[in-house]
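This short report walks through a few local features of one protein chain. Look at the structure first, then read on.

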Amino acid sequence: MKKICVITGGGSGMGYATAKLLGEQGYYIIIVGRTVKKLEAAIEELHDMGIEAEAFSCDISDYNSTKLLAKTARERGEVKIVIHAAGLSPQMGDAHKIMEANALGTINVNDAFYEVMREGGCIIDTSSMSAYMTPQFIMPRHGYKYSRTDRNKFMKKMMNRVNLFPKKVRSGVSYAISKSFVIWFARTDAERFGKKGVRVLSVTPGFFETPMGDLEKEEAATYLKYSAIKRMGRPEEIAALFAAAADERMGYLTGTDILCDGGCIASGCNPLKR
Ligand SMILES: NC(=O)c1ccc[n+]([C@@H]2O[C@H](COP(=O)([O-])OP(=O)(O)OC[C@H]3O[C@@H](n4cnc5c(N)ncnc54)[C@H](OP(=O)(O)O)[C@@H]3O)[C@@H](O)[C@H]2O)c1
């Protein structure tokens, strides 16, 4: 039976770097994204490297499409790893779209793959450093629990909080809340998955050199001067973390977040004091 690794957002950036690494380790790779052309170009390169891979085009904010993705992956073999790297940054959409892609998308991915994963599997959701940097009183934590019972109510609670802020900062606030939710969701989902012998955790990247990171270069520069490592991270560096954390030998690592930011948060830099 083939060992399957599904990578949402696998057509570019961190997801694509991880596809190359885990593909080289013998996994059959399924990369996921909305843009078919991007996926096709990535698949061509993966095939050139001798990696067995296919593309699945879908929007992970749509549950039915995500369920079909999980079903398709299961048909290909045993789904061992899901690297959920798909996401939208504040520059890539309005506040609602960002919440849908990042928060609802994470609920959809974990729920859809819950049905198909077996003992020894691992799901890694991807957060962002803005979940750490943004003042915590902004996060509507009391509303996070509705992600498990009523998605519409959950979205309403999240957007009600976002809409308290002036229009020009709503995308940024939505991003921070959605990524804070990702950490909470992965942490609290570990118990449900643990009963099946599947691990769930989140990885929180700092500033990385990817198409998304390129849009944040100016902002990155204001923080990187305080970081222990004064440069942006490279996609291969986060790919190595994804691969290591997903490795079955890491069988006791679950229900936690791993921050990989070159020591940026450790520096104590504060966006309110920029
Ligand atoms: N780069 C950074 O500095 C940084 C920092 C902190 C956190 N992160 C997080 O790290 C993850 C990976 O980002 P990256 O830097 O590798 O950026 P990226 O190159 O823009 O990759 C994100 C990928 O997600 C896909 N995607 C977006 N929305 C989607 C949706 N609704 N359904 C399916 N696919 C979707 C995009 O493809 P399509 O547009 O074709 O769908 C894209 O290939 C993201 O979750 C991001 O929030 C990045």
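Start with Phe207. At 13% relative accessibility, Phe207 counts as buried, because the cut-off for buried is under 20%. Keep in mind that this is a predicted model.

**An aromatic pair**

The structure holds 7 aromatic pairs. One of them joins Phe207 and Tyr223: the ring centres are 5.9 Å apart and the planes meet at 15°, so the pair is stacked. The pair links distant parts of the chain, 16 residues apart. Phe207 sits in the loop between β6 (199-205) and α8 (211-214), while Tyr223 belongs to helix α9 (residues 217-224). Tyr223 is also buried, with a relative accessible area of 2%.

Elsewhere, aromatic residues gather in a group. Tyr144, Phe154, Phe181, Trp184 and Phe185 form one aromatic cluster.

**Helix α6**

Phe154 leads on to helix α6, where it is one of the buried residues. Helix α6 covers residues 151-162, 12 residues in total. At 1.5 Å a residue, α6 should span 16 Å; its end C-alpha atoms are 16 Å apart, so expectation and model agree.

Which residues of α6 are buried? They are Phe154, Met155, Met158, Met159, Arg161 and Val162. Seen down the axis of α6, these buried residues fall within an arc of 155°, so they line one face of the helix. An α-helix has 3.6 residues a turn, so residues three or four places apart point the same way.

The face turned away from the buried side of α6 carries the exposed residues Asn152 and Lys156. Asn152 also takes part in the capping of α6. Asp150 caps the N-terminal end: one of its side-chain oxygens lies 3.2 Å from the backbone nitrogen of Asn152.

**Lysines over rings**

Two lysines lie over the faces of tyrosine rings. The table gives each distance from the ring centre.

| Lysine | Ring | Distance from ring centre |
|---|---|---|
| Lys3 | Tyr27 | 4.3 Å |
| Lys196 | Tyr114 | 4.5 Å |

**Lys67**

One more lysine deserves a look. Lys67 is found in helix α3 (residues 63-76). Is Lys67 buried or partly exposed? Lys67 is partly exposed, with a relative accessible area of 42%. Lys67 and Glu115 are 48 residues apart along the chain, and their C-alpha atoms are separated by 9.0 Å.

Definitions and conventions. Residues are numbered from 1 along each chain as its sequence is written. This is a predicted model: local features need pLDDT of at least 70, side-chain atom pairs count only at pLDDT 80 or more; totals for chains, interfaces and linings use all residues. Side-chain values use heavy atoms; hydrogens and water are left out. Helices (H or I, at least four residues) and strands (E, at least two) are DSSP runs, numbered from the N terminus. The expected span of a helix is 1.5 Å times one less than its number of residues. Buried means under 20% relative accessible area, exposed over 50%, partly exposed in between (1.4 Å probe, protein chains only). The arc is that of the directions from the helix axis to the C-beta atoms. A polar contact is a pair of N or O atoms within 3.5 Å; within protein, one must be able to donate a hydrogen and the other to accept it, and residues adjacent in sequence count only if both atoms are side-chain atoms. Rings of Phe, Tyr and Trp (its six-membered ring) pair if their centres lie within 6.5 Å; planes under 30 degrees apart count as stacked, over 60 as edge-to-face and the rest as tilted. A charge sits over a ring if NZ of Lys or CZ of Arg is within 6 Å of the ring centre and within 35 degrees of the ring normal.
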